[in-house]
Structure formats: structure tokens, C-alpha cells
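Here are a few notes to go with the model, written as numbered points.

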Amino acid sequence: MQALPGGDIKATVAIVGCGIVGTAMGKLLGKADYHISGVVTKHLETARRAAEATGAEKFSISPWEVTREAKIVFITTPDDLIESTCMTISEHEGFEKNAVVIHCSGALSSDVLSSARDAEAMVATLHPLQSFASTDQAVSLVPGSFCTIEGDKDALPIVRQIVEDIGGILLEITAEKKTLYHAAAVAASNYLVTLLHLALELDKAAGLTSNTSYEALLPLIKGTLSNIGEKGIPGALTGPIARGDVATVSSHLDAMAKDAPKLLTLYRCLGLYTIDLARAKGTLSKEAADKLRALLNISEEK
Ligand SMILES: NC(=O)c1ccc[n+]([C@@H]2O[C@H](COP(=O)([O-])OP(=O)(O)OC[C@H]3O[C@@H](n4cnc5c(N)ncnc54)[C@H](OP(=O)(O)O)[C@@H]3O)[C@@H](O)[C@H]2O)c1
């Protein structure tokens, strides 16, 4: 572990908010020989259990009681409490000078920790680019997952070291662009679920059960992911839009208008976006693209 500001070699860590991510961070950092000095949650019983799980010396429901002597403070409360929790700690003079205060939200930048900056601490974010349903899952998935960081210049070397120590893969971003980065993660993860739901609903309208539909679609999904890995985007795009098969797309719209009208808007939006990909791939003529745009209800912009 690298030397911290102030010359300390062994970093003491306080964790405020010991749910899935906070407890997992405590366990992973403990394994990497960081000293977990204290843990804090809303309920004392949760804090006691988190202290047992992470080997923390202290547990409390008053954050400033455990953050005061820590060189590194993780604020891993729900997103909408990060800013106010940081402010409360600052108001109680709970940050050491030059401590590094970190939150793990993907949506928020380090700017929500500005009250800690005002208290002469440094601020940063470390977002594990993963979805965790439990602490055990987080402990096993963080190593090998990308961990995205941004923050104060002097805090970054310490946060980079943390990512390395917990086995993450480093990805760096700026605070200004973090919202777009998070929108990308939402598109890749949450909207993938939405997309699959669209497919299952269409199969349901075709008379298939969702179990059968999911089993049947899964090899297609895996094959597509593998094609994307091999050929990239738009190279991996296949299907009626890539081929300029206007009649097939038209028949989809007719069938959906009859049996699944609620799904038409999303199908049309995705189709329009796909026309641009097919044009970029080079397999869709301008003429066929124009016909598809008209069908899907938008005119091509010059
Ligand atoms: N879960 C994921 O998949 C994931 C992935 C990447 C990043 N993250 C980020 O990680 C952070 C934590 O998420 P999580 O999933 O670990 O949430 P979580 O499981 O809901 O845990 C939140 C914890 O915060 C505690 N808490 C609530 N109010 C508090 C307060 N006022 N003071 C101190 N502690 C308080 C809760 O304590 P009690 O248990 O006592 O109520 C709970 O233990 C968030 O910023 C989230 O965006 C989550």
C-alpha cells in the first residue's frame, strides 16, 4: 500500500453505510490489510453485524465518532443520503485534514462531497461497474470488475491503489462526464432487461410461455454477444433492417398493431436507431433506409 498524505503507511478506513457495498468494501479492504477502524449504519444492530463481518474495531450510529481518526472514509449510504451524511460529518468536524472521502455511487460525482473538501479533506468516487444483490456476491464480483474513479487530483493515487488492492480493473472518468457514463451503464444493464422483456411480451402474444421463450431466446442472445465480441458494432448487426427487408419490418408492425399494440412505440424507436447502425455497417442502401424510415414514421434528416 502506498504512503498516504501525512506519511502514514497503513490506512485506517471508516465505513458509513454498511449495506451490500459498504460491508463488501470493508471485507475486501480488510483482506488487503487495510485497518477497518469503524463502521456506521442507521441501525445499531446492523452496525454491530457489519463490525463482526469486517473485523472493525468500533461500530456506531454517529458517523463522526468513527470517521474522525480515519484516513479513508467510505460513504456507502443510499445515493440520496450521501450529500447530507457528508455534511453532517463535516458539521461535527468528523473529517481529518487530508483524509480521503469516497462514495461508490455511479450516478453522482465527487462534487456531492464538497462539504468534506471545505473541511480540508479530499474527495473522490469509486464506482464498481457491477450489480450486486448481496454482500457475498459483491465480495466475489468486485475483483475482476471495472471500478470507475474520479475526484481530487491528490486523492486519485490513493483511490487507484484501493482499486488495485481490491482486485478491480481501473477506469478513470471526469466528474463532469460522470452522468453520461452512468447513463451508459443504465442502457447496458437496465435497458437490456427492458429489451428482453419486450421480446418475451412479443413471444407471449405469439402464444409461448415466458419460460419457453426465455430458454429459446437465450442462445440467440449469447450468440449475438459473441458476434459483437468478434465483429464489433455495427459489424455484428444482422436481421431485416441490416438486409433492407422492408416487407418483413412492415409485417412485424401489422402483426403488433393487431396483437401487441402497446409494444409498437418501443419497437419503432429501436428500429429507427437500428437503421443508422445498418447504414454505418454499409449493408443498407439509402433507398431502403428511406423506405424503412417512412414505415417506422420518421423522415431521414439531410
Ligand atoms: N448494490 C449495487 O449493485 C451497487 C453497485 C454499485 C454501486 N452501488 C452504490 O453503493 C452505495 C450503497 O449501495 P448498497 O446497494 O450497498 O445500498 P444498501 O444495501 O441499501 O445499503 C445502504 C446502507 O446505508 C445505511 N444507511 C441508511 N441511512 C443511513 C444513514 N443516515 N447513516 C448511515 N448509514 C445509513 C443502511 O443502514 P441500515 O442497514 O442500518 O438501514 C444500509 O446499511 C450506493 O451509492 C450505490 O449507488 C451499489
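1. A word on terms first: axes are lines fitted to C-alpha atoms, for helices over the stretch in contact, and angles run from 0 to 180 degrees between N-to-C directions. Helices (H or I, at least four residues) and strands (E, at least two) are DSSP runs, numbered from the N terminus. This is a predicted model, where local features need pLDDT of at least 70 and side-chain atom pairs pLDDT 80 or more, while totals for chains, interfaces and linings use all residues. Residue numbers start from 1 along each chain as its sequence is written.

2. Helix 12 (residues 264–281) packs with helix 13 (residues 286–295) at about 175 degrees, the axes lying 10 Å apart. The pair is therefore roughly antiparallel, a label for angles over 145 degrees. Leu272, Ile275 and Arg279 of helix 12 meet Ala289, Leu292 and Arg293 of helix 13; contact means C-beta atoms, placed from the backbone, within 7 Å.

3. Now the whole chain: it holds 13 helices and eight strands. Its radius of gyration, over C-alpha atoms, is 25 Å, well over the 19 Å that the globule rule (2.2 Å times the number of residues to the power 0.38) gives for 302 residues, so the chain is more spread out than a compact globule. The C-alpha trace spans about 70 × 45 × 35 Å along its principal axes.

4. Finally, the domains: an automatic or database assignment gives domain 1 (12–176) and domain 2 (181–295). Their centres, over C-alpha atoms, are 40 Å apart. Six residues from domain 1 and four residues from domain 2 make the contact.

Technical notes. Parallel < 35°, antiparallel > 145°, perpendicular 65-115°, else oblique. Contact = placed C-beta atoms within 7 Å.
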